[in-house]
Amino acid sequence: MRILGRRYDTQTPVVISLDEGRISDVATDSRIADDRLPWIGPGLIDLQVNGFKGRAFNDPRLGAEDVLQISRSLDRFGVTGYCPTATTDSFEALARMMAVVAGACEQDTEVARRVRGIHLEGPYISGEDGPRGAHPRIHVRPPDRNEFQRLQDAAGGRIRILTMSPEYPGAAPFIARLVATGVVVAIGHTNATADQIRAAVDAGARLSTHLGNGSHGQIRRHPNYIWDQLAEDRLTASLIVDGHHLPAAVVKSFVRAKMPARCILVSDVVALANLPPGRYNMPSLGEIDLFENGRTAVVAQPQLLAGAVLPITAGIANVLRFTDEDLSSAVDMASIRPAALLGATEPWLAPGRLADLAIFRLPGADRSEPIGELEVIATINAGRLVFGELPV
């Protein structure tokens, strides 16, 4: 198998050869230079996927077939790995979701190849209006080591990320115990003080979940938990850059402050993704409005967003629109950076590696014209073409 295109990081025209799905050769040839060639980059990794096209991981009716369909649905966006995300719910509901995802991974290599671990967002978050976001207050609770271990057991050890608030007594030792087992602890949906955030990071917390969201509508200008996380160099920030969750100026400021090496793009897509505008009832969230422009809102509290409906590819294009970063930097935030957070550091074009590639077009990526929409034309997952057609 041969793939012709331009490397996203160097803009160099290349021919990538695959042998039984593994990268066997990467040849550069200036004679094939052509601005019309598609871009070739690493497969995208989305650490926050709540659902897709009517299927939610928090849905009590979730089955293994649903997990497979969500997993396959992401292929057309260049996503080769993702984290099924469960949000705040009862122990019984969360344990069931963990077991269903674990069972799907064990039964189906299609699922196992795509799932990089489970992201548990809550239930150990702030109960305050604002930081709690759209999570149901009734199920918010303090960190519980025994409960978490039971959830981890139900998941077959697949919980890789826990988003929590360190504002509770005993949060730091709880974090340290989880970090020692290989779980990435993220700070999110929090009303923690500067001291509590510092203690959490000292204990091993490494990520800020969707920084700037899941917070009060109004906070004191300083100090506050956004500034504290923004200034903490040991924290990487995940950002939802769909054009609704963060204004362009905030994205630009966050990326400048954190620097691209400490920024990760997530989609935060929910079950409403790929559905027509309208009013929907979502498990644990109630009635949600989906508007024509892609914005979601809780009907009872329209100021609250209920996740996103745009894929992670929209975030890449918006980073180019909102900041001074180049294509390489924007794609890294959606691929290399999240993979590294989960422990994968092998170069994306390493000889002998099973190919995980996204081949795409993006008008204006070289700044020669206004930024257009990112269109994935082919996705290769673990050496297999799972979406589109290869440029040859």
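About 80 Å³ of space lies in the largest cavity of this predicted model, where a cavity is a set of points on a 1 Å grid over the protein atoms alone at which a 1.4 Å probe fits but cannot get out, and where a volume is the space filled by probe spheres set on the points, joined across faces, edges and corners. A search of the whole structure finds four cavities of 30 Å³ or more. The largest cavity has a lining of 15 residues, and Thr-190, Leu-211, Gly-212, Asn-213 and Gln-229 lie nearest its centre; a lining residue has an atom within 4 Å of a point. Helix α7, residues 225–231, supplies the largest share of this lining, namely three residues. Sorted by class, the lining of the largest cavity holds four nonpolar, eleven polar and no charged residues, with Ala, Val, Leu, Ile, Met, Phe, Trp, Tyr, Cys and Pro counted as nonpolar, Asp, Glu, Lys and Arg as charged, and the others, Gly among them, as polar.

The model also has pockets, a pocket being an open set of points with protein on both sides within 12 Å along at least five of seven lines. The largest pocket contains about 960 Å³ of space, and of the 50 residues that line the largest pocket, Gly-133, Asn-213, Gly-214, Ser-215 and Leu-305 are the closest to its centre. Two or more residues of the lining come from each of β8, α7 and α8 (248–258), and α7 gives the most, with three residues. The lining of the largest pocket is made up of 20 nonpolar, 23 polar and seven charged residues.

We turn now to the sheet. Eight strands form an open sheet in the order β5-β8-β9-β10-β11-β12-β13-β14, with parallel pairing; strands (E, at least two residues) and helices (H or I, at least four) are DSSP runs numbered from the N terminus, and two strands pair if DSSP finds at least two bridges between them. Because β5 (44–49) and β14 (263–265) stand at the edges with a single partner strand each, one side of each is left without a neighbour in the sheet. Helix α2, residues 91–107, packs on the sheet and touches β8 (79–87), β9 (118–121) and β10, contact meaning heavy atoms within 4.5 Å.

Residues are numbered from 1 along each chain as its sequence is written, and side-chain values use heavy atoms, with hydrogens and water left out. As this is a predicted model, local features need pLDDT of at least 70 and side-chain atom pairs count only at pLDDT 80 or more, while totals for chains, interfaces and linings use all residues.

Terms used
Axes are lines fitted to C-alpha atoms, for helices over the stretch in contact, and angles run from 0 to 180 degrees between N-to-C directions.
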